[in-house]
Amino acid sequence: MEQIIALPYAPTALEPVISAATLGFHHGKHLQAYVNNLNAALPGSPYEGLPLEEIVRRADGAVFNNAGQILNHNLYFTQFRAPREGNAPAGALKERIDSQFGSFDSFQAEFVAKGAGLFGSGWVWLSAGDDGVLFITQEPNAGNPVTKGLQPLLTFDVWEHAYYLDYQNRRPDHLKSLWSIIDWDEVGRRYGR
Ligand code: MN
């Protein structure tokens, strides 16, 4: 059985970037539904008992979609903290971003552009290869870079349920606002260098 993750902050902690109402629906309804759907599909399937990432790597169809959405949301919800001014990465991840993208500003611009330009529902990802090289990729629907052998570091959810209550059709505004609530300590731990 897959369990829904607990949020590591209070429902109002991410305001005004993400409202408590959006967080409540997104975590309590959308993520809960993916958890319920996967738990209904797993018994008797070849994926029963496997770790979530392994299910995402191996499955297709409805099992992949629901397992992928659980993995994606687990990474998404645990990468945030309360808004702060001048929020930015540090250490090895900052150095790698600067060397590959020129600056943190250029990295942010490319990341937001890829999220804003993703047609339909999906996710924009920062991930790392075994050698530490960074990639910004678009994944449609429930996609996750673990299926390409990459380590997921940071992700923006561009499904409308992630922002519609707070930003309506203004997806780029929502994506830009997320920079102030990224927990770069957590993202740096995921990079692990
Ligand atoms: Mn979502």
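This note walks through a predicted model, from its metal site to its helix contacts, aromatic rings and backbone details.

1. **Ground rules.** The model is predicted, so local features need pLDDT of at least 70, side-chain atom pairs count only at pLDDT 80 or more, and totals for chains, interfaces and linings use all residues. Residues are numbered from 1 along each chain as its sequence is written, and side-chain values use heavy atoms, with hydrogens and water left out.

2. **The manganese site.** Four residues supply the protein donors of the manganese ion: H26 (NE2), H73 (NE2), D157 (OD) and H161 (NE2). Donors here are N, O and S atoms within 2.8 Å of the metal (3.2 Å for Na, K and Ca); water is not among the atoms, so sites may look incomplete. Along the sequence the donor residues follow the spacing H-x46-H-x83-D-x3-H.

3. **What the site ties together.** H73 sits in helix α3 (residues 61-77), while H161 sits in the loop between β3 (151-157) and α6 (164-167), so this pair ties together parts 88 residues apart in sequence. Helices (H or I, at least four residues) and strands (E, at least two) are DSSP runs, numbered from the N terminus. Are H73 and H161 buried or exposed? Both are buried. Buried means under 20% relative accessible area, exposed over 50%, and partly exposed in between (1.4 Å probe, protein chains only).

4. **α4 against α5.** Helix α4 (residues 91-101) packs on helix α5 (residues 104-116) at an angle of about 75°. Their axes are 8 Å apart. Axes are lines fitted to C-alpha atoms, for helices over the stretch in contact; angles run from 0 to 180 degrees between N-to-C directions. The two helices are therefore roughly perpendicular. That term covers 65 to 115 degrees; under 35 is roughly parallel, over 145 roughly antiparallel, and the rest oblique. From α4, the residues I97, D98 and F101 meet F104, S106, F107 and E110 of α5. Contact means heavy atoms within 4.5 Å. The contact of α4 with α5 holds four nonpolar, one polar and two charged residues. Ala, Val, Leu, Ile, Met, Phe, Trp, Tyr, Cys and Pro count as nonpolar, Asp, Glu, Lys and Arg as charged, and the others, Gly among them, as polar.

5. **α4 against α8.** Helix α4 also packs on helix α8 (residues 184-191), at an angle of about 80° and with axes 8 Å apart. That makes α4 roughly perpendicular to α8. Here A92, L93 and R96 in α4 meet W184, V187, G188 and Y191 in α8. By class, the contact of α4 with α8 has five nonpolar residues, one polar and one charged.

6. **Aromatic pairs.** How many aromatic pairs does the count come to? There are 14 aromatic pairs. Rings of Phe, Tyr and Trp (its six-membered ring) pair if their centres lie within 6.5 Å; planes under 30 degrees apart count as stacked, over 60 as edge-to-face and the rest as tilted. One of the pairs is Y76 with F77, edge-to-face at 5.3 Å centre to centre and 70° between the planes. Y76 is buried at 1% relative accessible area, and F77 is buried at 1% as well. Y76 also pairs edge-to-face with W123, at 5.9 Å and 80°. This pair links distant parts of the chain: Y76 is in helix α3 and W123 in strand β1 (residues 122-128), 47 residues apart. W123 is buried, at 0% relative accessibility.

7. **An aromatic cluster.** F101, F104, F107, F111, F156, W179 and W184 form one aromatic cluster. Among them, F101, F104 and F107 also take part in the contact of α4 with α5.

8. **Backbone points to check by eye.** Most residues other than glycine have a negative phi, and most peptide bonds are trans. E15 and P16 are joined by a cis peptide bond, with omega about 5°. P16 falls in the segment before α1 (20-41). N141 has a positive phi, near 55°. This residue is in the loop between β2 (134-140) and β3, and is partly exposed at 43%. Q168 has a positive phi too, near 50°. Its place is the loop between α6 and α7 (171-177), and Q168 is partly exposed at 34%.

9. **A41 and V63.** A41 lies in helix α1 and is partly exposed, at 32% relative accessibility. Its C-alpha atom is 6.6 Å from that of V63, 22 residues apart along the chain.
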